[in-house]
Amino acid sequence: MASKLSVTSHRADILGLRYVYPVISRRAGGLSIGVNFNTNNTCNWRCVYCQVQNLTVGVAPALDFALLEQELHSVLADVLQSDFYDRFEVAPDKRVIKDIAIAGNGEPTSLAEFPDAIAKIAEVATQQKRVSRQ
Ligand code: SF4
């Protein structure tokens, strides 16, 4: 049985993926597709309010582009073409993708391939948008 997804229920591991996770964003008013590059919980800062568990000083690990592409295609296709919102019991007024947020467990711009990663995310999003309109 799928877990409920709401503004008060955020679980980055809800799909069991490495990079991509869905959250319902109160601020955005709908579904936010999160992408976490810092899978090793690393940051180049040390904010006193940080909520990242086991945060260490460092940079994001090398990105598995093929896996990121696969995960993002899979999640976007599920949301746009399947029963994602019903399975996760998303409130009717939140059933819209508001953004793809590069966020997660650390500083995403510490990823060495950051520009290429953003280009890949844009490429996948554009492809999925095109398919969903056919
Ligand atoms: S992950 Fe964000 S909140 Fe945590 S130390 Fe880095 S910049 Fe600050």
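A pocket is an open set of points on a 1 Å grid over the protein atoms alone, where a 1.4 Å probe fits, with protein on both sides within 12 Å along at least five of seven lines; its lining residues have an atom within 4 Å of a point. Grid points are joined across faces, edges and corners, and a volume is the space filled by probe spheres set on the points. By that definition, the largest pocket holds about 810 Å³ of space.

This is a predicted model, in which local features need pLDDT of at least 70 and side-chain atom pairs count only at pLDDT 80 or more, while totals for chains, interfaces and linings use all residues. Residues are numbered from 1 along each chain as its sequence is written, and side-chain values use heavy atoms, with hydrogens and water left out.

**The largest pocket**

- The lining of the largest pocket comprises 32 residues, of which H10, Y21, A103, G104 and N105 are the closest to its centre.
- Strands β1, β2 and β5 are the elements that give two or more residues to this lining; helices (H or I, at least four residues) and strands (E, at least two) are DSSP runs, numbered from the N terminus.
- The most is given by β1, with 4 residues.

**Helix α1**

- Helix α1 spans residues 65-81, 17 residues in total, and reaches 23 Å from its first C-alpha to its last. This is close to the 24 Å expected at 1.5 Å a residue, the expected span being 1.5 Å times one less than the number of residues.
- The buried residues of α1 are L67, L68, E71, L72, V75, L76, D78 and V79. Buried means under 20% relative accessible area, exposed over 50%, and partly exposed in between (1.4 Å probe, protein chains only).
- These residues lie on the same side of α1 because they cover an arc of only 155° around the axis, the arc being that of the directions from the helix axis to the C-beta atoms.
- An α-helix has 3.6 residues a turn, so residues three or four places apart point the same way.
- On the other side of α1, A66 and Q70 are exposed.
- The buried residues of α1 pack against β1 (20-25), β2 (30-35), α2 (84-87), β5 (97-102) and α3 (114-132), where contact means heavy atoms within 4.5 Å.
- The N-terminal end of α1 is capped by D64, which has a side-chain oxygen 3.3 Å from the backbone nitrogen of A66.

- V23 is found in strand β1 and is buried, with a relative accessible area of 14%.
- Not counting residues up to four places away in sequence, V23 touches H10, G30, L31 and S32.
- S25 is also found in strand β1 and counts as buried at 15% relative accessibility.
- I97 lies in strand β5 and counts as partly exposed at 27% relative accessibility.
- Leaving aside neighbours within four places in sequence, I97 is in contact with L31, I33, L76, V79, L80 and Y85.
- I97 and L76 are 21 residues apart in sequence and 9.1 Å apart in space, C-alpha to C-alpha.

**Positive phi values in loops**

- N54, in the loop between β3 (42-43) and β4 (56-57), has a phi near 55°, a positive value in a residue other than glycine.
- At 64% relative accessibility, N54 counts as exposed.
- E89, in the loop between α2 and β5, has a positive phi near 50° and is a residue other than glycine.
- E89 is partly exposed, with a relative accessible area of 35%.

Key. A polar contact is a pair of N or O atoms within 3.5 Å; within protein, one must be able to donate a hydrogen and the other to accept it, and residues adjacent in sequence count only if both atoms are side-chain atoms.
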